[in-house]
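Here are my notes for you, written as a colleague would jot them down. Keep the picture open while you read and try to find each piece as it comes up.

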Amino acid sequence: MPPRPRRVAPRAHDRASAIVARLAQAYPGATTELVYRTPFELLVATVLSAQSTDARVNTVTPALFARYPDARALAAAAPEALEPLVRATGFFRAKSRAIVGLARALVERFGGDVPPRMADLVTLPGVGRKTANVVLGHALGVPGLPVDRHVFRVAQRIGLARGRTPEALEARLTAQLPPETWTLASDCLILHGRRVCRPKPLCQKCGIQSDCAFYRSGGPARAARPAPPGHPTAASGRRRAPGPRAGRRRSRP
Ligand code: SF4
């Protein structure tokens, strides 16, 4: 469980749940886009997805898991043997070493199984809170709210929660939402961040404008205005895409 921040007002609970419900309507069936059959496969796929895309990972995992179907098989592999298989995901040498080290730790310390506890998962090489939450929430039935770059940006723009780090944001989001909605909330925020609330948000296509602090504070209009003379972006004619900080700062009363 993430560390609990200070008490959250009941209205914040209601608002957060209502926003997640609206996003869930907009993205029915939202879940991870990684393809997997077991917790082990999802754990390895999530490690491979670093600095890559889920779609790209899905192109390499069928052959990888056909050859190494479980932790014991992968633990016995030489990292060099994996490199051609995971090459398309980038950083293939480091990732090959990482997933073999991960498999060996699973075999040596957990009997080859993926442990269903955050405290154990984060002791595995290459596994941080985000990866652990992905596996807990999707493959092990344990509430988890992964905070990736999309969740970090979108949640703060909407005004759901604020945090300087993914861990701080996770703690604040999980304090506002019922545990059974944590993983859904993350999946919806990720899809919204990929498709609509991109780094340069497509607010005119957004279905939750009325819930969004950034939108209500006039963020899109400000972002569209040309930079004033003397502004650092004026010379090139480029404006910085509005991000979480802009939304956060300007949404204050
Ligand atoms: S209104 Fe704009 S900034 Fe707000 S959630 Fe939608 S796309 Fe993102």
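Predicted model: local features only at pLDDT ≥ 70, side-chain atom pairs only at ≥ 80, totals over all residues.

1. Start with the overall make-up.

2. Now the chain as a whole. Of its 253 residues, 39% are buried. What share of the contacts with a separation of 6 or more comes from residues 24 or more positions apart? That share is 64%.

3. Next, look at a pair of helices. Helix α2 covers residues 39–48 and helix α3 covers residues 54–67. Their axes are 10 Å apart, and the helices pack at an angle of about 135 degrees. Because of that angle, α2 counts as oblique to α3. The crossing of α2 past α3 is right-handed.

4. Which residues make this contact? From α2 you want Glu41, Ala45 and Leu48, and from α3 you want Val57, Thr61 and Phe65. Sort the residues of this contact by type and you get four nonpolar, one polar and one charged.

5. On to the inside. In soluble globular proteins, nonpolar side chains tend to be buried together. Here the largest nonpolar core has 34 residues, and the ones touching the most other members are Leu42, Ile99, Leu102 and Val135. The elements giving two or more residues to this core are α2, α3, α4 (71–75), α5 (79–86), α6 (92–110) and α8 (129–139). Helix α2 supplies the largest share, seven residues.

6. Leaving out residues up to four places away in sequence, Val135 touches Pro39, Leu42, Leu43, Thr46, Val114, Leu121 and Leu140. There is also a second, separate core, with 27 residues, including Val20, Val154, Ile158 and Leu173.

7. Last stop: alanine 63, which sits in helix α3. Is alanine 63 buried or exposed? Alanine 63 is exposed, because its count is 12 other C-beta atoms within 10 Å, and a residue with 12 or fewer counts as exposed. Then find leucine 85: alanine 63 and leucine 85 are 22 residues apart in sequence, and their C-alpha atoms are 7.2 Å apart in space.

Notes: Residues numbered from 1 in each chain as written. Axes fitted to C-alpha atoms, helices over the stretch in contact; angles between N-to-C directions. Helix = DSSP H or I, 4+ residues; strand = E, 2+ residues; numbered from the N terminus. Parallel < 35°, antiparallel > 145°, perpendicular 65-115°, else oblique. Left-handed = near helix turned anticlockwise from the far one by under 90°. Contact = placed C-beta atoms within 7 Å. Nonpolar A, V, L, I, M, F, W, Y, C, P; charged D, E, K, R; others polar. Core = buried A, V, L, I, M, F, W, Y, C linked by C-beta atoms within 7 Å. Buried ≥ 20, exposed ≤ 12 C-beta atoms within 10 Å, placed from the backbone.
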